[in-house]
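Trainee: I have a new structure open on my screen and would like to learn how to read its features. Could you walk me through a few of them?

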Amino acid sequence: MRLGVLDVGSNTVHLLVVDAHPGACPLPAHSHKAELRLAQLLDDDGAIGPHGVDRLVSVIQEALQAAEDKGVEDLLPFATSAVREARNADDVLERVRTETGVELQVLTGEEEARLTFLAARRWFGWSAGKLLVLDIGGGSLEIAYGIDEEPDAVASLPLGAGRLTAGWLPGDPPTADDVRALRRHVRTEIARTVGEFSRLGTPDHVVATSKTFKQLARIAGAARSAEGLYVQRELKRESLEGWVPKLAGMTEAERAELPGVSEGRANQLLAGALVAEGAMDLFGVERVEICPWALREGVILRRLDHMGSA
């Protein structure tokens, strides 16, 4: 069957269409994206303003049309941290339901971490052993660890690249004091969770997902996306540590000229790099392997599992 996953994230609204059935690898058939940056559209009270809600409704309507055009049989719509944490989340969800007919499932941070972990486990298989999975979104950082398909420990921290950029890095380029303050904040937040994971032992394989990690790996020399999903890509902490001060000294426009960095994400790249660097350092990770699958694929896999057991 043809499934559609509608991901209302902190940065983008992304419709991923796949051909899938239980026991088979989902095959991508179509992708439709719109930059929305909900995490940066919150007002001073933490609510998504009228313009943001109008734009969200419009973008979802466009995605629904694309899903119809591509023959999607079953649509799986969900929202992550930007909607989850908005003060007016209930009103936003009701307006989306009334005007589009879409009932967004709002995932908790722990659900995001578990579904992303499932996707990474299926991608790398049982031979990967104990997995540590890191995912930097627009609104939050998810961490998951385990040896099975269900992780033994998960954490969701408010350290998304979009959220941190909006709240901590107003300059272009940012001041050294602002960068230092954000670095200190990121490491303090991550350090609070390290013990919970460390007691479970050293992971056999450390995996990173998300656009942020993919872009950081690309500027550090990883293969281009055009070379395909199955090319191994990694990010070494040593390389990342060399790039952080360079990114801090660049303007948004200069970052957008780096290989693999999109114009819409360039402003968030420094904050994402500080989170990635902090996580790799505090967890004692020298390198991460980039996983092509993440949350959207985890949602699809969970749906297929339920279909197969019905």
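Mentor: Happy to! Keep in mind that this is a predicted model. Let's begin with the aromatic residues: Trp-123, Tyr-230 and Trp-293 form one aromatic cluster.

Trainee: How many aromatic pairs does a search of the whole structure find?

Mentor: The search finds 3 of them. In one, the ring centres of Trp-123 and Tyr-230 are 5.5 Å apart and the planes meet at 10°; planes under 30 degrees apart count as stacked, so this pair is stacked.

Trainee: Which parts of the chain does that pair tie together?

Mentor: Trp-123 belongs to helix α4 (residues 109-124), while Tyr-230 sits in the loop between α7 and β10 (234-236), so the pair links parts that are 107 residues apart in sequence.

Trainee: Is Tyr-230 buried or exposed?

Mentor: Tyr-230 counts as exposed because its relative accessibility is 68%, and exposed means over 50%. Trp-123, with a relative accessible area of 22%, is partly exposed.

Trainee: What kind of pair do Phe-197 and Phe-283 make?

Mentor: Here the ring centres lie 5.7 Å apart and the planes are at 80°, so the pair is edge-to-face. Phe-197 is in helix α6 (residues 176-198) and Phe-283 is in the loop between α10 and β11 (287-290), so parts 86 residues apart in sequence are tied together. Both Phe-197 and Phe-283 are buried.

Trainee: And what lies over the face of Trp-243?

Mentor: That is Lys-246, at 4.7 Å from the ring centre.

Trainee: Now to helices. What describes two packed helices?

Mentor: The angle between their axes, together with the distance between the axes. In our model, helix α7 (residues 211-219) packs with helix α10 (residues 269-282) at an angle of about 90°, and their axes are 10 Å apart. Angles of 65 to 115 degrees count as roughly perpendicular, so α7 and α10 are roughly perpendicular to each other.

Trainee: Which residues make the contact?

Mentor: From α7 you have Thr-212, Phe-213, Gln-215, Leu-216 and Ile-219; from α10 come Leu-269, Gly-272, Ala-273 and Ala-276. Sorted by class, this contact has 6 nonpolar residues, 3 polar ones and no charged ones.

Methods:
Residues numbered from 1 in each chain as written. Predicted model: local features only at pLDDT ≥ 70, side-chain atom pairs only at ≥ 80, totals over all residues. Heavy atoms only, no water. Axes fitted to C-alpha atoms, helices over the stretch in contact; angles between N-to-C directions. Helix = DSSP H or I, 4+ residues; strand = E, 2+ residues; numbered from the N terminus. Parallel < 35°, antiparallel > 145°, perpendicular 65-115°, else oblique. Contact = heavy atoms within 4.5 Å. Nonpolar A, V, L, I, M, F, W, Y, C, P; charged D, E, K, R; others polar. Phe/Tyr/Trp six-rings, centres within 6.5 Å; stacked < 30°, edge-to-face > 60°. Buried < 20%, exposed > 50% of the residue type's maximum accessible area, 1.4 Å probe, protein only. Lys NZ or Arg CZ within 6 Å of the ring centre and 35° of its normal.
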